[in-house]
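Subject: Structure handover and notes

Dear colleague,

Please find the structure below, with my notes following it.

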Amino acid sequence: MDLLQRLLYTALSVASIFYLIIKTSLSHWKRRGILHEKPKFLVGNLGGVGGKRHISSVLEQLYEKYKGQAPFIGCYAYLKPMVLVLDLELAANVLVQHTNYFKERGVFGNAPHDPLSANLLQQDGADWERLNSVVCPTFVEKNIIQMLPTLEKVAGAMHRSVKQSEPHNIIPINKLVDCYNIDVISTLAFGVSGETFLNSDTEFRRMARSYLKDFNIFRLYFLMYFPNVARLLRYKNYEQAATDYFLKLVRQKLFELEWSRIDNRSSFFQMFAELKRDRNPKRRLSDEEIAAQAFSFILMGLEACNSAMTFCLYELALQPELQRRVREEICGVLKGNENGMDKTKLEEMNLLKQCLYETLRKHTPYAFLLRNTNKDYEVPNSIFMLRTDNHLVIPIAAIHRDPELYPEPNKFDPERFSKENVQRRHPMAFLPFGVGRRYCLAQKFAEMQMLVGLATLLRHYSFSPCRETPIPLVYDNTRLVLAPKGELRLAVQRV
Ligand code: HEM
């Protein structure tokens, strides 16, 4: 047998083995006799995601197709079998009632070699338990209220920047709110006063944009199938340059704080710094862990807040009468405004909050929640069993657009979030921040951050569509967090 023939046989054998592995992976649900969406070779049910389609619309299609037929169906994220939860009672059991079976999220992290991944999102098991018990108390209402003056200060800078941009009144709204959210994060989470409105090309902003390693489907397969091998090989999610930058920044700021002996708790960074000196060694945070908690504001908060604020202003621009009522409410609450905003004033901005919630419903930033089964689970009132290490997807964006829960889901109607209407719905019908033990611990803060920014803008400016405003909206399918494609421009006018 000559060399060429041997090579040919080897290649054929390898290809056959791969084909077999792929075929076996993609027949998982068929073998288990579970209702499932037929997968396509290599891509499973995610064909077109990141190109022609957004993950949100794929999940919505599956939810609509199978809802009511079973509490869950099987589907495939590429080759990985996943459980797609369709029933709100099952969602309540997974997320709230029976969390002992669903403690983990299963997002890859490698804290020893990739320090920024020591954040709550990417931790599971005992590491998460410890970190959560230490970090969670910093997000209590008493603490976050102290950050209101800083939020107002940053919102003031945003207001001045719009004022200075006159008479050019066509503004890319997503860029504007990005500067606001970046400055909030740099000031409150990293202790560095942001100056993005003066110079939009700061190193902080550049790093907050380029921390992820290039997306690569083989890398994704590798992490999904061999997380332990990836850990052994010291795999990192984040670019070394970004890791070095954020670590250096945090160490420098911790050093400065130590020497200045400022003792107040008006930023997350100061509260994290206190945890570095905790007397109990189990509660003490290392510099790397502090950097990872600060980084989670960028990882989880930045794009989500950008998304919600941008789409809220967009929807209000399309409904001038609603926008007028929101402005009237804000101006009424802030009349005089000698003492700035406070908790009561924010609570009185009821219509604005309803608009924010309606935005989070219609344009849900994170399309799904993830959970892993840590032991076998019998699905109540059914014959089904979820096995240990099953990956569950709860398609919250699809639930938010279910016409049985929200008639005419494409209509932007903040009245859906009046107290009475909320009480009429299933508690799992609105989950933009998740729920249960792994919910978004920063929910209250993120809401306050967005309300302060929106109230400041809407109080002083009116927003309307211009020739460059995309109607209908086009989403950027390449991004996981829902965002407009390109710049979203609106006409802005002083009121
Ligand atoms: C509009 C803004 C935001 C939205 C829509 C949002 C949404 C979410 C969602 C859906 C989850 C998963 C919840 C679950 O699995 O049940 C989550 C978790 C998380 N979020 Fe947020 N988030 C926002 C802002 C923020 C901000 C500003 C931070 C800053 C620290 C943050 C930090 C986190 C962390 C650390 C987790 C993981 C919690 C854990 O597993 O213990 N989020 N968020």
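In these notes, donors are N, O and S atoms within 2.8 Å of the metal (3.2 Å for Na, K and Ca), and because water is not among the atoms, sites may look incomplete. This is a predicted model, in which local features need pLDDT of at least 70 and side-chain atom pairs count only at pLDDT 80 or more, whereas totals for chains, interfaces and linings use all residues. Residues are numbered from 1 along each chain as its sequence is written, and side-chain values use heavy atoms, with hydrogens and water left out.

**The ligand and its iron**

The iron atom of the ligand has a single donor from the protein, the SG atom of C440, at 2.4 Å. C440 sits in the loop that runs between α19 (419-424) and α20 (443-460); helices (H or I, at least four residues) and strands (E, at least two) are DSSP runs, numbered from the N terminus.

Around the ligand there are 26 residues, of which R105, W128, R371, R438 and C440 are the closest, a residue being counted as near if one of its heavy atoms lies within 4 Å. By type, this shell holds 20 nonpolar, three polar and three charged residues, where Ala, Val, Leu, Ile, Met, Phe, Trp, Tyr, Cys and Pro count as nonpolar, Asp, Glu, Lys and Arg as charged, and the others, Gly among them, as polar.

An N or O atom in the side chain of R105 is 2.7 Å from an oxygen atom of the ligand, and for R371 the corresponding distance from a side-chain N or O atom to a ligand oxygen is 2.7 Å. Two or more residues of the shell come from each of α14 (287-318), β4 (369-372) and α20, and α14 gives the most, with six residues.

**Backbone points to check**

Most residues other than glycine have a negative phi, and most peptide bonds are trans. Which peptide bond is cis, with omega near 0°? The bond from I471 to P472 is cis, and P472 belongs to the loop between β8 (461-464) and β9 (489-494). Y78, although not a glycine, has a positive phi of about 55°, and Y78 is found in the loop between β1 (72-77) and β2 (80-85).

With best wishes

Technical notes. Polar contact = N/O pair within 3.5 Å; in protein donor to acceptor, adjacent residues only side chain to side chain.
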